[in-house]
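This briefing goes through the sheets, an aromatic contact, a cavity and some backbone features of one structure. Please keep the sequence and the model in view while reading.

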Amino acid sequence: MATTEPPTPTPVPLTTDGTVHVGSDTAREWWRDAVIYQVYPRSFADGDGDGIGDIPGITARLDHLRTLGIDAVWLSPFYRSPQKDAGYDVADYRDVDPLFGTLDDFDTMLAGAHERGMRVIVDLVPNHTSDQHVWFQQALAAAPGSPERARYIFRDGRGPAGEQPPNNWQSIFGGAAWTRVPDGQWYLHLFDSSQPDLDWNHPEVRTEFEDVLRFWLDRGVDGFRVDVAHGMVKAEGLPDWHGHVSMVDGGSSDDQPTDPGAPEDGSTGAGNQGPMFDQEGVHEIYRSWHQVLAGYDGDRCLVAEAWVEPLSRLARYVRPDEMHQAFNFSFLTTAWDAAALRRVIRASYRANDEVGAPTTWVLSNHDVVRHATRLGLPDPGVRPNGVFPGDPQPDEELGLRRARAASLLMLGLPGSAYLYQGEELGLPEHTTMPDEVRQDPGHFRTHGAEAGRDGCRVPLPWRADAPGYGFGPTGATWLPQPESYQRYAADTQYGVDGSTFELYRAALALRRTEGLGHGGLSWLDAWADSPDVVAFANRGVAVVANLSSTAVDLPDAEVLLASGPLEDGVLPADTTAWLRG
Ligand code: NOJ
C-alpha cells in the first residue's frame, strides 16, 4: 500500500492588483484611524453595587481599556433619564443621571481617560427627548397651537373627530408613531411614546442643541456620536408612507425597493428611507455643528449613527464641512461571504474617498446581536431583534471562531474601527433570556413578537469566581448573565496566549506600529475573485481571511498574528492571518 505523503503547500504569491484605497504616511486628525470602544454604561462595570453599571465603575476599569490599546471611548447616554429606552430618552442633556453618578464623577472619568491617552466621545440624542423633559412637560400643559407645542411635532388627527393618527407612520419599536393627548392632538414619536420627536424647524431647538454641544465641549469631551442622525428632519407635510420602518436598515420602500447591488452603486441619486429619514434638511444642521466644533482645539469630531444606504448616500453626512465619521452599517450587515465583503469594502472606500472622509468599520453594538453569536447562527444575518430561547440556537464555537476571524479582518483595514464592549472577550449574545426579565421597549411594543436588544446588553463578566462574575461589588446585575459568561471573564483571559483579549490586544498594537489604520488597500492577486478568501495588502502586511469550511494554502511568509491556531502552511477554515511577505 502506498504511503500518503502530507500535501506540500503550494506557495501563494503576495502580489497585488490595482489599488482600492490609497493610504497616507500619517493620519491627519486622530479620528481618521482611531479604534473607538463603545462603553454601554449600564452594563460595563458597577461601582456602587446596585446592579447597574455607572461612571465610577468605568473609571475603575480604565486600565482594561488602556491595556487593550484603544484610542477612544464612546459612551452611550448617561444623562438624566427615566430610562424607558436605556437612556436614549433624555430628560436633561446637561446632567448625569443619579443612577450613573454625578458630573464630578464624569469629570474624574474624563480626566482618567485623558491621562491614559484615550479620548472620550459622548452620545447626543437630538431627534427626540424624553417625555419627562421640561419642554415636553410644558408642551403637554399648553394648548394646541401654543409656542410650547411648536418645539415638538403635534398635529390634529384625521377622521371626523380627529380620532385617527395624522399619518400612517409606524414606530420603529412597533405600533403607531403617534400618541394622542387628552385634548385630542397627537404627537409624533419615531421610537417609544416616551420619546417625542423634536421639530428641528424650530429655531430654539437648534440653538438649544448647539448650546448642549458647547456644554460638553467645554468640559473637555473629544466628540459626539449623534443618535438617529438621519431622522431629525421630516419631509414637508409628513406624507403617508408604505415602506417598512426599521432601525437597522433604515427602512425599505415597497415603491422603491432597495437595489440588491446598492453598496456597489455609488450613483443612486436619492435615499429610499421614506419621509422620516435622510431628508436634505439634516445636512444644514451638521454644517452648523461642524462650525461649533471647529471653534475648539484638538480635532473634536461628530460621528453619525445613520442607517442610510447606499454608501454614496451615507457619505453625504461626512462631506468636508459636515460630520467627521459615519458608522458603516453596510459592513456590519454583510454576510460572512468573501465576495460580498470585498464588494462592501470596495464600495466603502469609493464612497468615502470621494468626500475625503475616513471609512469606518463596525461589527457589533448595543442594537444588534453580537457578532460572536450572529456568525454562529444557522441562518446568519443581522437579527436586529434578538434571539428567543425557542429560536434555532447558535453554534457557539463556530460563532467565536468566525467572530475572531472577522475582527482580525476588520482591524487590518485602513480607516477607523468601532468595538463594542465585551467583543474583546469574545462574548456571545444571551440567547436564552427569559421574557420576564426583558427591558427593551421594542419587545413590549411588538407585544413580544421581537425578542429585543437585551441579549447584547448583558453586564460584562470581569471575574470568573465572583458573584455576578465581578460586574460589581454585590453580584447584582440588571439583566441575568448566561452561565457561559464565566468562561469569558476578563480575568481568565489576561496574559493568556490565544485568548480573545490577547488577540485583540496584539492586533491593536500591530495595527498601531504598522500604521494599518492610515494605510492603503490592494487585493492580493491570488484571491482577488475567490469565493472563499478575502485577502489584501496594507502597508506591507497581508491580511488573509479564509471564510470557507476548508483550509487554504498560505503564502510562504512570516505570520504576524492569526485569529486561531495555524497548521503548517495552511490557513484553517474561518481563520484570518496577518502576514509579512
Ligand atoms: C439608536 C440607538 O442606538 C438605540 O439604542 C435607540 O433605541 C434609538 N436610536 C433611539 O434613540
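How many aromatic pairs does a search of the whole structure find? The search finds 27 aromatic pairs, where rings of Phe, Tyr and Trp (its six-membered ring) pair if their centres lie within 6.5 Å, and planes under 30 degrees apart count as stacked, over 60 as edge-to-face and the rest as tilted. This is a predicted model, in which local features need pLDDT of at least 70 and side-chain atom pairs count only at pLDDT 80 or more, while totals for chains, interfaces and linings use all residues. Residues are numbered from 1 along each chain as its sequence is written, and side-chain values use heavy atoms, with hydrogens and water left out.

**An aromatic pair**

- Phe106 and Trp216 form an edge-to-face pair, with 5.0 Å from centre to centre and 75° between the planes.
- This pair links distant parts of the chain, since Phe106 lies in helix 4 and Trp216 in helix 6 (residues 203-219), 110 residues apart; helices (H or I, at least four residues) and strands (E, at least two) are DSSP runs, numbered from the N terminus.

- Eight strands form an open sheet with parallel pairing, in the order 12-11-10-6-3-2-14-13, where two strands pair if DSSP finds at least two bridges between them.
- The edge strands are strand 12 (325-326) and strand 13 (360-362), each of which pairs on one side only.
- Helix 4 (residues 103-115) packs on this sheet and touches strand 3 (72-75) and strand 6 (119-124), its direction making about 140° with that of strand 6; contact means heavy atoms within 4.5 Å, and axes are lines fitted to C-alpha atoms, for helices over the stretch in contact, with angles running from 0 to 180 degrees between N-to-C directions.
- Strand 11 (residues 301-304) and strand 12 pair in the parallel sense over two bridges, and the bridge partner of Val303 in strand 12 is Gln325.

- Six strands form an open sheet with antiparallel pairing, in the order 1-15-16-17-21-19.
- Strand 1 and strand 19 (558-562) stand at the edges with a single partner strand each, so one side of each is left without a neighbour in the sheet.
- The twist averages 30° from one strand to the next.
- Helix 15 (residues 500-513) packs on this sheet, touching strand 19 and strand 21 (575-580), and its direction makes about 125° with that of strand 19.
- Strand 1 (residues 16-21) pairs with strand 15 (residues 521-524) in the antiparallel sense over three bridges, and His21 has Leu521 as its bridge partner in strand 15.
- Strand 15 also pairs with strand 16 (residues 533-538) in the antiparallel sense, over two bridges, and Trp523 stands opposite Phe536 in strand 16.

**The second largest cavity**

- The second largest cavity has a volume of about 90 Å³; a cavity is a set of points on a 1 Å grid over the protein atoms alone where a 1.4 Å probe fits but cannot get out, and lining residues have an atom within 4 Å of a point.
- Its lining residues include Phe331, Trp336, Arg374 and Leu409, and helix 9 (329-332) and helix 12 (396-411) each supply at least two residues of the lining.

**Backbone features**

- The peptide bond from Glu309 to Pro310 is cis, with omega near -5°, and Pro310 is found in the loop between strand 11 and helix 8 (311-314).
- Val228 has a positive phi of about 45° although it is not a glycine, and Val228 is found in the loop between strand 10 (223-226) and helix 7 (282-294).

How values were computed. 1 Å grid on protein atoms, 1.4 Å probe; cavity = no way out; pocket = protein on both sides within 12 Å on 5 of 7 lines; lining within 4 Å. Points joined across faces, edges and corners; volume = space filled by probe spheres on them.
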